[in-house]
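Subject: Structure for you to look at

Hello,

Here is the structure I promised. Please open it next to this email, and then read on for what turned up.

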Amino acid sequence: VAVLAGGLLKVMTENGALEYLISIMTKKIRSKRSCELTIAMLVSLVNICTANNTVAILTVGSISKRIGDSYGVDNRKSASILDSFSYRVYYPTEHRY
């Protein structure tokens, strides 16, 4: 899964989709706090789509660094947000024994 996500991210970067995604997300950001919320929502969404928090952090890490640098979010704070919001998503179809 990690190799597939990495390859998909590279294809998105080469075709300009990553720049488009960043421009769409940053339209609504007005402050440092809203930037942090955007990073949290993005990593949560990617975690839900991939069902793997490591892949979510690796995929969103470079995007969050660029957005965070633009709005003055410290890299340590951004990393903390990535880790906190990608930690666990409950999937009702999981079975635990």
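Which residues does Thr59 touch, not counting residues up to four places away in sequence? They are Ala5, Leu9 and Val46. Thr59 itself is found in helix α4. Thr59 counts as buried, because its relative accessibility is 17% and the cut-off for buried is under 20%. Please keep in mind that this is a predicted model.

Now the overall layout. The chain has 5 helices and 0 strands. Read from the N terminus, the elements run α-α-α-α-α. The chain has 97 residues, and 33% of them count as buried. Take the contacts in the chain with a separation of 6 or more: 68% of them come from residues 24 or more positions apart.

Helix α2

This helix covers residues 17-26. Its buried residues include Leu18, Ile22 and Met25. These three sit on the same side of α2, because they cover an arc of only 70° around the axis.

Ile63 ties in here. Its place is in helix α4. Ile63 is buried, with a relative accessible area of 4%. Leaving aside neighbours within four places in sequence, Ile63 is in contact with Leu18, Leu21, Ile22, Met25 and Leu42. So what about Val43? Ile63 and Val43 are 20 residues apart in sequence, and their C-alpha atoms are 9.9 Å apart in space.

Helices α3 and α4

Two packed helices are described by the angle between their axes and the distance between the axes. Helix α3 spans residues 32-50, and helix α4 spans residues 53-71. Their axes come within 9 Å and cross at roughly 160°. That angle makes α3 roughly antiparallel to α4. The crossing of α3 past α4 is right-handed.

Which residues make the contact? On the α3 side they are Lys32, Cys35, Ile39, Leu42, Val43, Val46, Asn47 and Thr50. On the α4 side they are Asn53, Val55, Ala56, Ile57, Thr59, Val60, Ile63, Ser64, Ile67, Gly68 and Tyr71. By type, the residues of this contact divide into 12 nonpolar, 6 polar and 1 charged.

Helices α4 and α5

Helix α5 covers residues 75-85. The axes of α4 and α5 come within 10 Å and cross at roughly 145°. This crossing is right-handed. From α4, the contact uses Ile57, Val60, Gly61, Ser64, Lys65 and Asp69. From α5, it uses Asn75, Ser78, Leu82 and Asp83. The residues of this contact divide into 3 nonpolar, 4 polar and 3 charged.

Ala40

Ala40 lies in helix α3. Is Ala40 buried or exposed? It is buried, with a relative accessible area of 4%. Not counting residues up to four places away in sequence, Ala40 touches Ile81 and Phe85. Ala40 and Ser86 are 46 residues apart in sequence. In space, they are 8.2 Å apart, C-alpha to C-alpha.

For a quick tour, begin with Thr59 and its contacts Ala5, Leu9 and Val46. Next, go to Ile63 and its contacts, among them Leu18, Ile22 and Met25.

Best wishes

Conventions. Residues are numbered from 1 along each chain as its sequence is written. This is a predicted model: local features need pLDDT of at least 70, side-chain atom pairs count only at pLDDT 80 or more; totals for chains, interfaces and linings use all residues. Side-chain values use heavy atoms; hydrogens and water are left out. Buried means under 20% relative accessible area, exposed over 50%, partly exposed in between (1.4 Å probe, protein chains only). Helices (H or I, at least four residues) and strands (E, at least two) are DSSP runs, numbered from the N terminus. The arc is that of the directions from the helix axis to the C-beta atoms. Axes are lines fitted to C-alpha atoms, for helices over the stretch in contact, and angles run from 0 to 180 degrees between N-to-C directions. Angles under 35 degrees count as roughly parallel, over 145 as roughly antiparallel, 65 to 115 as roughly perpendicular and the rest as oblique. A crossing is left-handed if the near helix is turned anticlockwise from the far one by less than a right angle, and right-handed if clockwise. Contact means heavy atoms within 4.5 Å. Ala, Val, Leu, Ile, Met, Phe, Trp, Tyr, Cys and Pro count as nonpolar, Asp, Glu, Lys and Arg as charged, and the others, Gly among them, as polar.
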